[in-house]
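I opened my notebook to look up a few things in this structure. My entries follow, one topic at a time.

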Amino acid sequence: MQSRSPRPAARTVWQALARPAGLLRTAWPWRAVAHLAGGVLSGAVTLLLLLVLCGFSLLFVGLPLLLLAGVAVGAAERWRLRLVDPEPAPDPHRLPEAPGLAAWLRLRAREQATWRELGYALLHATVLWPLDLTVLAVGLGLPAALMSTPLQLAADGHEVKVAKAYLVTSYPQAFAAALLGLLLLPLLLYPLTGYAGARAAFARALLAPREAELRQRIGEVTASRARLAAAFEAERRRIERDLHDGAQQRLVALTMTLGLARYDAPPGPLADQLAKAHDEAGRVLSELRELIHGIHPQVLADYGLGAALADAADRTATPVDSTGLDPELPRLPAAVESAAHFVAREALANVDRHSGAARARITARHADGTLLVAVEDDGHGGADSARGSGLTGLADRLAVLDGTLTITSPPGGPTLLRAEIPCSPLPPTDPASGSSSPRTASSSVRD
């Protein structure tokens, strides 16, 4: 007979209540009791705090303090929610754009979340914590009072009034009351746990960020990420200009000077040393030009992504089929072209260094608002983005532009790297402006 797999443990109070037979074997009823007991304590403290601040309000200084009290109570209640609702309740507040307490207060006064927290604090101090206390008194206090009847009778010696309602004068009555309390306790834990879950849901509805606030926060993150990408690209271009106009020109002048000194020096050790220095300067100049080309090749700026990818394929030692490059690939935003070129160039470099491939293929096209760039090789495969920091860096570079990187590389090959970036093409160049429209490079197969 096939054995049934055990049911997963309840992760929320509502899942626990949906399994009434096993509720009492879990910690959820006692977590509910702890949540309500904490609500009674925090509610009493909040009531005292609000009374003090209302007194200060008469001196025209209490309103900012009331706002601070609401924010503090909201933060504490979001933390307490974890007793019965493990899902984190995010902070609904935004960070002020300027430093200082004044900027913080101005932002908090304009946020709806601040006033919801203040309203919750008022409800918590006047209505909610007395309700919590009542539920605890009925669900936990009444059974406890019944179960302690024999002890109360022994302490009094004659009679005891249980729960201020029933008079008990004998031990049989006392033990009957204790048995009744023992039976009531598990029964009353069910509604008590349900009330705690509803209480937490009400607190989350007021204290957690609303959908509109989450959308606004996502929009701010998206805009910030776009600004970061633009700043990153601008910095790369600045470094390229500094290297091209500064260091490269000085190295050219140094190479020419060493060349002239080499030919003017008489044969001997000095001429040999100058020849070595001249050759070394030439190699450094070549490496610097390759570095500048890797940062942002001029062909990418002048002719677009298609031409830059064809140029990268021509520079790869492994034969690369570039017929998959769309000759009508439009000009795209500079950040998109730079990121796509960087990913493709790194993928081709990995083909040379690690894949052991005999041939590779590169494709690029723009359709349905998405740029697709793919590099495939017939190497031994086994590429894993989880183990390769370089591949992780490529994925992070694309993520800034909401792009994705997909790698398929089973052991034995082949390896396929796909980069997808959502983007819109730039408007075509106006011929009347006098500037020529971007040219695209012809595709070729490198033998």
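**Entry: a buried glutamate**

I began with Glu111, which is buried at a relative accessible area of 7%. Buried means under 20% relative accessible area, exposed means over 50%, and partly exposed lies in between (1.4 Å probe, protein chains only). I noted that this is a predicted model, where local features need pLDDT of at least 70, side-chain atom pairs count only at pLDDT 80 or more, and totals for chains, interfaces and linings use all residues. Residues are numbered from 1 along each chain as its sequence is written, and side-chain values use heavy atoms, with hydrogens and water left out.

Where does Glu111 sit? I found Glu111 in the loop between helix H4 (101–110) and helix H5 (112–147). Helices (H or I, at least four residues) and strands (E, at least two) are DSSP runs, numbered from the N terminus.

Next I looked up what Glu111 touches. Leaving aside neighbours within four places in sequence, Glu111 is in contact with Pro92, His93 and Arg94. Contact means heavy atoms within 4.5 Å. Glu111 and Arg94 are 17 residues apart along the chain, and their C-alpha atoms are separated by 8.6 Å.

**Entry: salt bridges**

Glu111 also forms a salt bridge with Arg108. The closest N and O atoms of this pair are 3.1 Å apart. A salt bridge is a side-chain nitrogen of Lys or Arg within 4 Å of a carboxyl oxygen of Asp or Glu. Is Arg108 buried or exposed? Arg108 counts as buried, at 7% relative accessibility.

How many salt bridges did I count by this rule? The count comes to eleven. I wrote down two further pairs.

- Arg345 and Glu346 form a salt bridge, with their closest N and O atoms 3.8 Å apart. Arg345 is partly exposed at 22%, and Glu346 is partly exposed at 23%.
- Glu420 and Arg418 meet through their side chains at 3.2 Å, N to O. Glu420 is partly exposed at 28% relative accessibility. Arg418 is partly exposed at 28% too.

I also found a network of salt bridges that links Arg78, Asp91 and Glu117.

**Entry: a threonine in helix H2**

I moved on to Thr46, which is found in helix H2. Thr46 is buried, with a relative accessible area of 7%. Which residues does Thr46 touch, not counting those up to four places away in sequence? I listed Val73, Ala121, His124 and Ala125. Then I checked Thr46 against Trp129. They are 83 residues apart in sequence, yet 9.7 Å apart in space, C-alpha to C-alpha.

**Entry: a nonpolar patch**

I then looked at the surface. Leu48, Val52, Phe56, Leu65 and Leu68 form a nonpolar patch there. Patches are made of residues with over 30% relative accessible area and no salt bridge; like charges are joined within 9 Å, nonpolar side chains (Val, Leu, Ile, Met, Phe, Trp, Tyr) within 5 Å. Together the five have about 410 Å² of accessible area. Such areas come from the Shrake-Rupley method with a 1.4 Å probe; for residues, only the protein chains shown count as cover.

Which helices supply the patch? Helix H2 (28–57) and helix H3 (62–80) each give at least two residues. H2 gives the largest share, three residues. Phe56 lies in H2 and counts as partly exposed at 40% relative accessibility.

**Entry: rings**

I searched the whole structure for aromatic pairs and found one. The ring centres of Tyr171 and Phe175 are 6.4 Å apart and the planes are at 35°, so the pair is tilted. Rings of Phe, Tyr and Trp (its six-membered ring) pair if their centres lie within 6.5 Å; planes under 30 degrees apart count as stacked, over 60 as edge-to-face and the rest as tilted.

Tyr171 and Phe175 are four residues apart in helix H7 (residues 171–207), which separates them by about one helical turn. Tyr171 is partly exposed at 41%, whereas Phe175 counts as exposed at 52%.

I noted one more ring. The charged end of Arg31 sits over the ring of Trp28, 4.3 Å from its centre. The rule asks for NZ of Lys or CZ of Arg within 6 Å of the ring centre and within 35 degrees of the ring normal.

**Entry: the whole protein**

Last, I took the totals. The protein has 13 helices and seven strands. Of its 447 residues, 38% count as buried. The accessible surface comes to about 25,400 Å², and 64% of that belongs to carbon and sulfur atoms.
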